[in-house]
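Grab a pencil and take them one at a time.

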Amino acid sequence: LSDSGFVFDPSTGRSYSVNESGLAILRLLQKPTDLEQVVEALQQKFEGEPPVLERDVIEFASVLRGQIK
């Protein structure tokens, strides 16, 4: 995971690119944390509404799960 949003999966050899919010979510998920803490950190960084941010994190996680097969 690079600072520019380049993501490389060494187990599959695939690479991905994420935007600023995706990069922030991935960085937060690299640490021991829960959904509430991720949403709180995103709210401070992006000034979004908690229900919207929570939905976005859940959707992003769903996309990630779909890529890991």
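**Exercise 1.** Which pattern does the protein chain follow when read along the sequence?

*Solution.* Keep in mind that this is a predicted model. Start by counting: the secondary structure comes to three helices and two strands. Then put them in order, and reading along the sequence gives β-β-α-α-α.

**Exercise 2.** Work out whether the overall size agrees with that of a compact globule.

*Solution.* Begin with the box: the C-alpha atoms fill roughly 35 × 25 × 20 Å, taken along the principal axes. Next comes the radius of gyration, which is 12 Å for the protein chain. A compact globule with 69 residues would have a value near 11 Å, so the two agree.

**Exercise 3.** Describe how α1 and α2 meet.

*Solution.* Two packed helices are described by the angle between their axes and the distance between the axes. Helix α1 covers residues 20-29, and its axis comes within 10 Å of the axis of α2, with a crossing of roughly 140°. For the handedness, α1 passes α2 in a right-handed crossing. Now look at who touches whom: E20, S21, A24, I25, L28 and L29 of α1 meet V38, A41, L42, K45 and F46 of α2. Sorted by class, that contact holds eight nonpolar, one polar and two charged residues.

**Exercise 4.** Which element gives the most to the lining of the largest pocket?

*Solution.* Size up the pocket first: its volume is about 320 Å³. Its lining has 13 residues, with V7, Y16, L26, L64 and Q67 nearest the centre. The elements giving two or more residues to this lining are β1 (6-9), β2 (14-17) and α3. Of the elements, α3 gives the most, with four residues. To finish, sort the lining by class: ten residues are nonpolar, two are polar and one is charged.

Conventions:
Residues numbered from 1 in each chain as written. Predicted model: local features only at pLDDT ≥ 70, side-chain atom pairs only at ≥ 80, totals over all residues. Heavy atoms only, no water. 1 Å grid on protein atoms, 1.4 Å probe; cavity = no way out; pocket = protein on both sides within 12 Å on 5 of 7 lines; lining within 4 Å. Points joined across faces, edges and corners; volume = space filled by probe spheres on them. Nonpolar A, V, L, I, M, F, W, Y, C, P; charged D, E, K, R; others polar. Rg over C-alpha atoms; globule rule 2.2 N^0.38 Å. Axes fitted to C-alpha atoms, helices over the stretch in contact; angles between N-to-C directions. Left-handed = near helix turned anticlockwise from the far one by under 90°. Contact = heavy atoms within 4.5 Å.
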